[in-house]
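User: Can you walk me through the side-chain packing in this one? I'd like to start with the aromatics and then move on to the core and the charges.

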Amino acid sequence: MLDWLKENNRRGVVGFFWTREKTENQAREWYAKGAKKVLAFGGVMTRSLAIELPDDKEKRKYFFDYADNFHLETHPGKRAQVDEGQKYVVINFLGEI
């Protein structure tokens with residue numbers, strides 16, 4: 001995602017839900033917490049981010065907790081993502097895709 005942002009200064013989260021600075025800082029924090037990759041989708045704006053999860057179960061928990069807290073604040077009633085060994089956790093800015 002960091003490279004995606006650098007390619008075009010107009011890129012960001014749809015509706016500028018997060019500023020570019022917040023988006024970049026959050027990605028850096030996720031990398032520091034063990035994310036293998038943070039992926040954005042779209043030519044200019046992304047409506048979701050996918051975080052490639054670390055293998056360590058305790059490190060993975062951080063990402064599921066983050067996603068659940070984010071979605072509770074922004075999309076009340078959204079079903080929590082559960083760690084079932086999947087490769088990614090997704091942050092949706094506009095609800096379900």
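What follows is a short exchange about rings, core, strands and salt bridges.

Analyst: First the ground rules: this is a predicted model, where local features need pLDDT of at least 70, side-chain atom pairs count only at pLDDT 80 or more, and totals for chains, interfaces and linings use all residues. Residues are numbered from 1 along each chain as its sequence is written, and side-chain values use heavy atoms, with hydrogens and water left out.

User: How many aromatic pairs are there?

Analyst: The count is nine aromatic pairs. Rings of Phe, Tyr and Trp (its six-membered ring) pair if their centres lie within 6.5 Å; planes under 30 degrees apart are stacked, over 60 edge-to-face, and the rest tilted.

User: How are the rings of Trp18 and Phe70 arranged?

Analyst: Their centres are 5.9 Å apart and the planes are at 80 degrees, so this pair is edge-to-face. Trp18 is in the loop between β1 (12-13) and α2 (20-32), while Phe70 is in helix α3 (residues 57-74), 52 residues apart. Helices (H or I, at least four residues) and strands (E, at least two) are DSSP runs, numbered from the N terminus.

User: Trp18 and Phe70, buried or exposed?

Analyst: Trp18 and Phe70 are both buried. Buried means under 20% relative accessible area, exposed over 50%, and partly exposed in between (1.4 Å probe, protein chains only).

User: And what about Trp18 with Phe93?

Analyst: Those ring centres are 5.0 Å apart with planes at 80 degrees, so that pair is edge-to-face. Phe93 is in the segment after β5 (88-92), 75 residues from Trp18. Trp18 and Phe93 also belong to one aromatic cluster, whose members include Trp30, Tyr62 and Tyr66.

User: Which residue lies over the face of Trp18?

Analyst: Lys22, at 4.7 Å from the ring centre. A charge sits over a ring if NZ of Lys or CZ of Arg is within 6 Å of the ring centre and within 35 degrees of the ring normal.

User: OK, core. Which residues touch the most other members?

Analyst: In the largest nonpolar core, of 22 residues, they are Met1, Trp18, Trp30, Leu49 and Ile91. Such a core is a set of buried Ala, Val, Leu, Ile, Met, Phe, Trp, Tyr and Cys residues joined through side-chain atoms within 4.5 Å. Helix α3 gives the largest share, five residues.

User: What is Ile91 in contact with?

Analyst: Leaving aside neighbours within four places in sequence, its contacts (heavy atoms within 4.5 Å) include Trp30, Leu49, Tyr66 and Phe70.

User: Which way do β2 and β4 pair?

Analyst: They are antiparallel, over four bridges; two strands pair if DSSP finds at least two bridges between them. Ala40 has Leu49 in β4 as its bridge partner. On β2, Val38 and Ala40 make up the covered face, and Lys37 and Leu39 the uncovered one.

User: Switching to charges: how many salt bridges?

Analyst: Seven salt bridges, each a side-chain nitrogen of Lys or Arg within 4 Å of a carboxyl oxygen of Asp or Glu. One of them joins Glu7 and Arg11 at 2.7 Å, N to O. Glu7 is exposed at 59% relative accessibility, whereas Arg11 is buried at 12%.

User: What about Lys57 and Asp83?

Analyst: Their side chains form a salt bridge at 3.9 Å, N to O. Lys57 is in helix α3 and Asp83 in the loop between α3 and β5, so the pair ties together parts 26 residues apart in sequence.
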